[in-house]
Amino acid sequence: MATIFTRIIQGEFPGHFVWEDEQCVAIMTLNPMKPGHVLVIPRQEIDHWDDLPLELATHLMSVSQKLAKAIKQAFPCARVGMLVVGLEVPHVHIHLVPLDRMQDIRVEGLAQAEAEELAEAAAKIREALA
């Protein structure tokens with residue numbers, strides 16, 4: 001059965017996309033740690049990050065760097081943190097989160113963002129990428 005991410009990539013479920021290419025996508029997460037929280041997801045369903053082919057892992061890191069620069073511009077912060085957790089969905093995804101302090105990093109008990117908030121955040125990041 002396809003993962004929730006594959007279903008979003010295929011258009012079966014809505015997603016607020018900020019990046020799309022042949023190897024990966026980046027979407028706003030529904031439960032952001034902070035506004036501007038993005039997930040970078042390979043199109044190929046791979047459960048563990050350490051099983052990624054080197055070429056794909058390199059591409060995901062390159063895209064993540066580009067997106068981090070755009071996130072910093074759209075959501076001024078001390079830095080953009082990167083997390084690969086992988087317990088919640090069995091499909092590799094990289095969390096990119098604008099951070100100002102360690103307390104900004106939390107993975108549980110996050111409120112679901114409103115669709116309008118996600119759309120606005122996605123638009124700001126896409127504008128910064130342009």
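Modeller: A nonpolar core is a set of buried Ala, Val, Leu, Ile, Met, Phe, Trp, Tyr and Cys residues joined through side-chain atoms within 4.5 Å, where buried means under 20% relative accessible area, exposed over 50%, and partly exposed in between (1.4 Å probe, protein chains only). The model is predicted, so local features need pLDDT of at least 70 and side-chain atom pairs count only at pLDDT 80 or more, while totals for chains, interfaces and linings use all residues. Residues are numbered from 1 along each chain as its sequence is written, and side-chain values use heavy atoms, with hydrogens and water left out.

The largest nonpolar core has 29 residues, of which Val18, Met28, Val38, Val40, Leu67, Leu96 and Ile125 touch the most other members. Two or more residues each come from strand 1 (17–20), strand 2 (24–28), strand 3 (38–42), helix 2 (54–74), strand 5 and helix 3; here helices (H or I, at least four residues) and strands (E, at least two) are DSSP runs, numbered from the N terminus. The largest contribution to this core is that of helix 2, with eight residues.

To look at one member, Val40 belongs to strand 3, and Val40 counts as buried because its relative accessible area is 0%. Although Val40 and Ala26 are 14 residues apart along the chain, their C-alpha atoms are separated by 4.3 Å.

For contrast, Val85 sits in the loop between strand 4 (79–83) and strand 5, and with 37% relative accessibility Val85 counts as partly exposed.
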